[in-house]
Amino acid sequence: MVGSIVHLARNLRAGFILAREGALALIDPNVLPPSARFGLRMARLVERRDVGDGAERLSAALTRLGPSYVKFGQFLATRPDIVGAQAARDLEQLQDRMPPFPRVQAVKVVEAALGRSVATLFLDFSEPLAAASIAQVHKARIATPDGEETVAVKVVRPGVREGFSRDLQAMRAAAKVVERFMPEARRFKAQEVVETLARSVAVEMDLRLEAAAMSELAENTKDDNDFRVPKPEWDLTARDVLTTTWIDGIRLNDLAAIEAAGFDRVALARTLIQSFLRHAIRDGFFHADMHPGNLFIDAQGRLVAVDFGIMGRLGMKERLFLAEILLGFIKRDYRRVAEVHFEAGYVPPHHSVEDFAQALRAIGEPIHDRRADEISMAKLLTLLFEITALFDMATRTELVMLQKTMVVVEGVARNLDPKLDMWGTADPVVREWIEHHFGPIGRIEEAGRGIKTLAHVAADLPNIALRAQRILDRVEEIAAKGLTLHADSIAEIGRLEAKGHRWGNVALWILAVLLMILVFGVL
């Protein structure tokens, strides 16, 4: 009971701050069930009248609420089916920036994580240079057999796990209330959304996993001469500390410095797009936070990425799907693009392939009527997802993450080269991958994978047969005797059901009273 009241109070505070800062005005009422629309109108009564535009409102509200809500906002940017297209676009602009914590606290975290004093680990250790919701970065120097080396040290913010845990518990409680008392909202799968966020944050707060992501991307791109990944220092890395090669370079949005250094902006834009597509389609593993602050050009003119806390992963099925739809739009083969959606199982079979192909034509033809430098691949994917929603295509989080990253990457590339030809740049990467996987070599590789799978199944046939026999025996027993519950189980189910209704009613009354206090207190 006490925990429920605490969660309720936290959620009311969050709701009040969101309403007060005008963030609720960004929610499209049309995507909400009728019962939620009334609640939205009531909550907006406390809205300040001097709030800024959409992105400013969200940034102010979520920053006031703390790191958990900043991450939640960034996560919801990948779910336009929940918050609406406009709110998702505003959330894309949300920057994960927080005030730094003192160097003395960072030193304590490093020493606790690595088990030695900072003075013995590093030759020097700077003040914080950049800070975000989960961690901040320091510059340091270490001694190596080859001499001194400059490194970047990322340190987890003290107390951030406890704060996230408290906020996630409150979010879980709110999601349960929504799904229990608002049946129309169950299609949004609020509890599943919160659990997905919890898993994502848990991964991001373990810096060993970020080091592993960095290592995997470096291995995938070791033969790419135009792309570089920093090297993690594993001996100086733990759950709360990540030490990597220091990157000396020019930020990709510093156009004056890029030109002064003599680099070709057009070539850099092409390298950025093709590198991203190779990572996504060729490797199925891509950097999902490629804003200009995470991208540099080193002295050799190579593109360098940093901050690998958010990564995207695509399976072979998703990569084949993506490559085929991009090539289909390039070739204007809308029928094939439609068939790919049905073959992947993304669009339910009761829809017509012909009708879907017609809808895709409405996306593709206006694009081909434009000049090459006016075509946006990111916009194409955005329109594609809007059309597929009309045909009941379920949201694919990994594809939405890819699309959102594509928006950012294309924006950075067009800043470098406003006349960028997206189709011409993407075509060789997509076509090469498709020719490899659908050509003779790809067919042989696919056959090899199939034979390997069949061998595993054949080896496991005795165990499969034994499990199947046990299941059949159990089914026959239930058919003959019926499914019975112990009397204690029946009594416990009744007790829990009655308790749930009782506390649900109490929570609703508390919510109503507190809302009245907040509204009248502000007015």
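Two strands pair if DSSP finds at least two bridges between them. The legends below describe close-up views of a predicted model.

**View 1. A hairpin links strands S1 and S2.** Three residues carry the chain through this hairpin from S1 to S2. The two strands run antiparallel to each other and are paired over five bridges. Within this pairing, Ala130 has Val137 of S2 as its bridge partner.

**View 2. Strands S2 and S3 pair over ten bridges.** S2 covers residues 135-144 and S3 covers residues 147-156, and their pairing is antiparallel. Ile142 lies opposite Glu149, a residue of S3.

**View 3. Four strands make up an open sheet.** The strand order is S1-S2-S3-S5, with antiparallel pairing. Strand S1 (124-131) and strand S5 (241-245) are the edges, each pairing on one side only. From one strand to the next, the twist averages 30°. Helix H11, residues 207-220, packs on the sheet and touches S3 and S5. The direction of H11 makes about 25° with that of S5.

**View 4. Helix H14 packs against helix H15.** Two packed helices are described by the angle between their axes and by the distance between the axes. For H14 (residues 316-331) and H15 (residues 334-343), the axes come within 8 Å and cross at roughly 165°. Angles over 145 degrees count as roughly antiparallel, so H14 is roughly antiparallel to H15. The crossing of H14 past H15 is left-handed. On the H14 side, the contact is made by Phe321, Glu324, Ile325, Gly328 and Phe329. H15 contributes Tyr334, Arg336, Val337, Val340 and His341.

**View 5. Helix H15 has buried residues and is followed by a glycine.** Tyr334, Val337, Ala338, Val340, His341 and Phe342 are the buried residues of this helix. Gly345, which follows H15, has a positive phi, near 80°.

**View 6. Leu326 is among the residues with the most contacts inside the largest nonpolar core.** This core has 103 residues, and Leu272, Phe329 and Leu360 share that description with Leu326. Leaving aside residues up to four places away in sequence, Leu326 touches Ile281, Met377, Leu380, Leu381, Trp423 and Val430.

Conventions: Residues numbered from 1 in each chain as written. Predicted model: local features only at pLDDT ≥ 70, side-chain atom pairs only at ≥ 80, totals over all residues. Heavy atoms only, no water. Core = buried A, V, L, I, M, F, W, Y, C linked by side-chain atoms within 4.5 Å. Buried < 20%, exposed > 50% of the residue type's maximum accessible area, 1.4 Å probe, protein only. Contact = heavy atoms within 4.5 Å. Axes fitted to C-alpha atoms, helices over the stretch in contact; angles between N-to-C directions. Parallel < 35°, antiparallel > 145°, perpendicular 65-115°, else oblique. Left-handed = near helix turned anticlockwise from the far one by under 90°.
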